[in-house]
Amino acid sequence: PKVRVNCIMPGPFLTDIFKAWDMAAFQKRAEERIALKRGGEPGEIVGAALYLASDHASFTTGAIIRIDGGAM
């Protein structure tokens, strides 16, 4: 087939939306539920997107790439 389907499944990322979050509550939840104990920085998701958009991913299909800091 010529169509491949892959997915990036992000956890919480500190983009513009986080300015509306209660950061104290978020940090408490992150410490309890995210192995890396923090939200992601936008630059930390770029590599996966570039990989999937590149010829290097020509044999990748049906993949779900979790980028969530080890969220439980």
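This is a predicted model: local features need pLDDT of at least 70, side-chain atom pairs count only at pLDDT 80 or more; totals for chains, interfaces and linings use all residues.

Colleague: Is R38 buried, partly exposed or exposed?

Modeller: Residues are classed by relative accessible area: under 20% is buried, over 50% is exposed, and partly exposed lies in between, with a 1.4 Å probe and protein chains only. R38 has a relative accessible area of 35%, and therefore counts as partly exposed.

Colleague: With which residue does R38 form a salt bridge?

Modeller: Side chains of opposite charge can pair when their charged atoms come close. The rule for a salt bridge asks for a side-chain nitrogen of Lys or Arg within 4 Å of a carboxyl oxygen of Asp or Glu. R38 pairs in this way with E44, their closest N and O atoms being 2.8 Å apart. E44 is partly exposed too, because its relative accessibility is 39%.

Colleague: How many salt bridges does the rule give?

Modeller: The count is 4. Among them is the bridge between the side chains of D16 and K19, at 3.8 Å from N to O. D16 is exposed, with a relative accessible area of 61%, and K19 is likewise exposed, at 65%. Another is the bridge of R66 with D68, whose closest N and O atoms are 2.6 Å apart. Here the two partners fall into separate classes: R66 is partly exposed at 47%, whereas D68, at 14%, counts as buried.

Colleague: How many aromatic pairs does the structure hold?

Modeller: Rings of Phe, Tyr and Trp (its six-membered ring) pair if their centres lie within 6.5 Å; planes under 30 degrees apart are stacked, over 60 edge-to-face, and the rest tilted. The structure holds 2 such pairs. The rings of F18 and W21 have centres 6.4 Å apart and planes at 70 degrees, so this pair is edge-to-face. For W21 and F26 the centres are 5.0 Å apart and the planes stand at 35 degrees, which means that the pair is tilted.

Colleague: How many helices and strands does the protein chain have?

Modeller: Helices (H or I, at least four residues) and strands (E, at least two) are DSSP runs, numbered from the N terminus. The protein chain has 2 helices and 2 strands, and their order from the N terminus is β-α-α-β.

Colleague: Where is T60 found relative to these elements?

Modeller: T60 is in the loop between α2 (43–53) and β2 (64–67). T60 is buried, because its relative accessibility is 15%.

Colleague: Which residues does T60 touch?

Modeller: A contact means heavy atoms within 4.5 Å. Leaving aside residues up to four places away in sequence, T60 touches R4, N6, Y51 and L52. The side chains of T60 and Y51 are also joined by a polar contact of 2.5 Å; that term denotes a pair of N or O atoms within 3.5 Å, where, within protein, one must be able to donate a hydrogen and the other to accept it, and residues adjacent in sequence count only if both atoms are side-chain atoms.

Colleague: What does G69 touch?

Modeller: G69 is in the segment after β2 and is partly exposed, at 27%. Residues up to four places away in sequence aside, G69 touches I34, A35 and L36. G69 and I34 are 35 residues apart in sequence, yet their C-alpha atoms are 5.9 Å apart in space.

Colleague: How is the protein chain as a whole to be described?

Modeller: Of the contacts with a separation of 6 or more, 72% are between residues 24 or more positions apart. Buried residues make up 19% of the 72 residues. The C-alpha atoms fill a box of roughly 45 × 25 × 15 Å along the principal axes.

Technical notes: Residues are numbered from 1 along each chain as its sequence is written. Side-chain values use heavy atoms; hydrogens and water are left out.
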